[in-house]
Amino acid sequence: MNSPHAQIAFRVALALAAAGLGGALLAALVGVALAVVGPSGSAVTTLCGKTDVAPAGGSDYLGQNNVWGADTAQCVAVGDQSLRVESAAHDRPPDGPPAASPSLIRGCHWQDCTDVGDLPVRVSEMPDITSDWVTRQVDTGIFNAAYVVWFHSGPVASGTPDGAEMVIWMRSRGGVRPGGSVVAENVLISGARWKVWLARDSGRVRITYERLGEVTSVRGLDIRAFTMDSVARGHVLPGWYLVAVEAGFNLWRGGAGNVIESFSVSIADRVR
């Protein structure tokens with residue numbers, strides 16, 4: 001099953017089957033536990049495995065638990081373009097990497113892909129891409145809330161991106177800061193001011209836009225504008241491909257109770 005679309009179709013089929021007869025057995029096979037329905041009437045999937053992934057309301061979005069920097073326990077509840085951190089036992093120092101990055105995805109995160117035909121998109125041919133994101137965040141623990149936009153050197157839907165990791169950092173608590181060094185201050189993009197950081201991680205460039213003035217929600221965030229700024233700085237190449245837009249939380253300590261109430265990515269039909 002090499003096709004990313006086939007992989008997600010397989011996951012969706014298992015999840016749907018798990019909601020009916022034989023649900024306990026099938027849920028165990030894919031490493032997820034399915035609740036009956038959420039408060040809004042939509043199905044909710046609870047993920048507790050480190051790499052568990054589930055559809056987040058249809059085939060256009062995925063939710064992931066994504067515990068990658070620690071072995072501590074974590075569970076998230078994934079609904080219709082929503083995610084809640086149900087439990088998180090992490091205790092990592094704020095000056096190192098996080099324990100986990102639970103998030104919602106449109107596009108491909110390594111081998112896990114949403115079933116949409118408008119990604120990946122070549123940077124030089126990128127249409128308008130905007131996003132809405134609404135969160136509720138706790139006042140305890142150490143974490144940040146951020147977008148991660150992944151770029152790959154080719155139109156490959158699976159595998160580790162080898163281009164750039166573009167982080168759009170909205171809010172943090174507990175003293176965490178972007179890695180690398182500051183390369184620009186007070187940059188105006190998408191109606192807000194940003195501090196720009198640059199680092200290299202696992203052979204990739206990581207460029208982080210840290211918002212000046214923290215927020216817990218955004219409307220119409222201009223992903224294309226951030227991409228073009230990174231292109232102008234020479235950190236994203238026009239021949240690369242945007243393969244995914246993710247939004248979620250990086251968790252160092254605690255994090256239970258953080259919620260993505262809604263998340264969407266809109267991709268225009270025409271190149272600007």
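Trainee: Where is Ser-101 found?
Mentor: Helices (H or I, at least four residues) and strands (E, at least two) are DSSP runs, numbered from the N terminus. This is a predicted model, in which local features need pLDDT of at least 70 and side-chain atom pairs count only at pLDDT 80 or more, while totals for chains, interfaces and linings use all residues. Residues are numbered from 1 along each chain as its sequence is written, and side-chain values use heavy atoms, with hydrogens and water left out. On that numbering, Ser-101 belongs to the loop between strand 6 (82-88) and strand 7.

Trainee: Is Ser-101 buried or exposed?
Mentor: The terms rest on relative accessible area, where buried means under 20%, exposed over 50%, and partly exposed in between (1.4 Å probe, protein chains only). With a relative accessible area of 12%, Ser-101 is buried.

Trainee: Which side chain makes a polar contact of 2.6 Å with the side chain of Ser-101?
Mentor: A polar contact is a pair of N or O atoms within 3.5 Å; within protein, one must be able to donate a hydrogen and the other to accept it, and residues adjacent in sequence count only if both atoms are side-chain atoms. The contact of 2.6 Å is made by the side chain of Ser-101 with that of Asn-250.

Trainee: What is the volume of the largest pocket?
Mentor: On a 1 Å grid over the protein atoms alone, a pocket is an open set of points where a 1.4 Å probe fits, with protein on both sides within 12 Å along at least five of seven lines, and lining residues have an atom within 4 Å of a point. Grid points are joined across faces, edges and corners, and a volume is the space filled by probe spheres set on the points. For the largest pocket, that volume is about 690 Å³.

Trainee: Of the residues that line the largest pocket, which are the closest to its centre?
Mentor: The lining of the largest pocket holds 34 residues. The closest to the centre are Trp-68, Pro-98, Ser-101, Glu-165 and Asn-250.

Trainee: Which strand supplies the largest share of the lining of the largest pocket?
Mentor: Several strands each supply at least two residues of this lining, among them strand 7 (103-109), strand 11 (142-152) and strand 17 (241-253). The largest share is 6 residues, and it comes from strand 17.

Trainee: How many residues of that lining are charged?
Mentor: Ala, Val, Leu, Ile, Met, Phe, Trp, Tyr, Cys and Pro count as nonpolar, Asp, Glu, Lys and Arg as charged, and the others, Gly among them, as polar. The lining divides into 15 nonpolar residues, 12 polar and, as charged residues, 7.

Trainee: A disulfide joins Cys-48 to which residue?
Mentor: A disulfide is a pair of cysteine sulfur atoms within 2.5 Å, and a search of the whole structure finds 2 disulfides. Cys-48 lies in the loop between strand 2 (45-47) and strand 3 (53-55) and its partner in strand 5 (residues 74-79), so the pair ties together parts that are 27 residues apart in sequence. At 40% relative accessibility, Cys-48 counts as partly exposed. The S to S distance is 1.9 Å, and the partner is Cys-75.

Trainee: Why is the disulfide of Cys-108 and Cys-113 right-handed?
Mentor: This disulfide has an S to S distance of 2.0 Å, and Cys-108 and Cys-113 are buried. The disulfide is right-handed because the torsion about its S-S bond is about 120°.

Trainee: What is the angle between the planes of Trp-133 and Tyr-147?
Mentor: Rings of Phe, Tyr and Trp (its six-membered ring) pair if their centres lie within 6.5 Å; planes under 30 degrees apart count as stacked, over 60 as edge-to-face and the rest as tilted. A search of the whole structure finds 7 aromatic pairs. Trp-133 and Tyr-147 form one that is edge-to-face, 5.0 Å centre to centre, and the angle between the planes is 75°.

Trainee: How many residues apart in sequence are the parts tied together by that pair of Trp-133 and Tyr-147?
Mentor: Trp-133 is buried, with a relative accessible area of 2%, and Tyr-147 counts as buried at 0%. Trp-133 lies in strand 10 (residues 127-136) and Tyr-147 in strand 11, so the separation of the parts they tie together, in residues, is 14.
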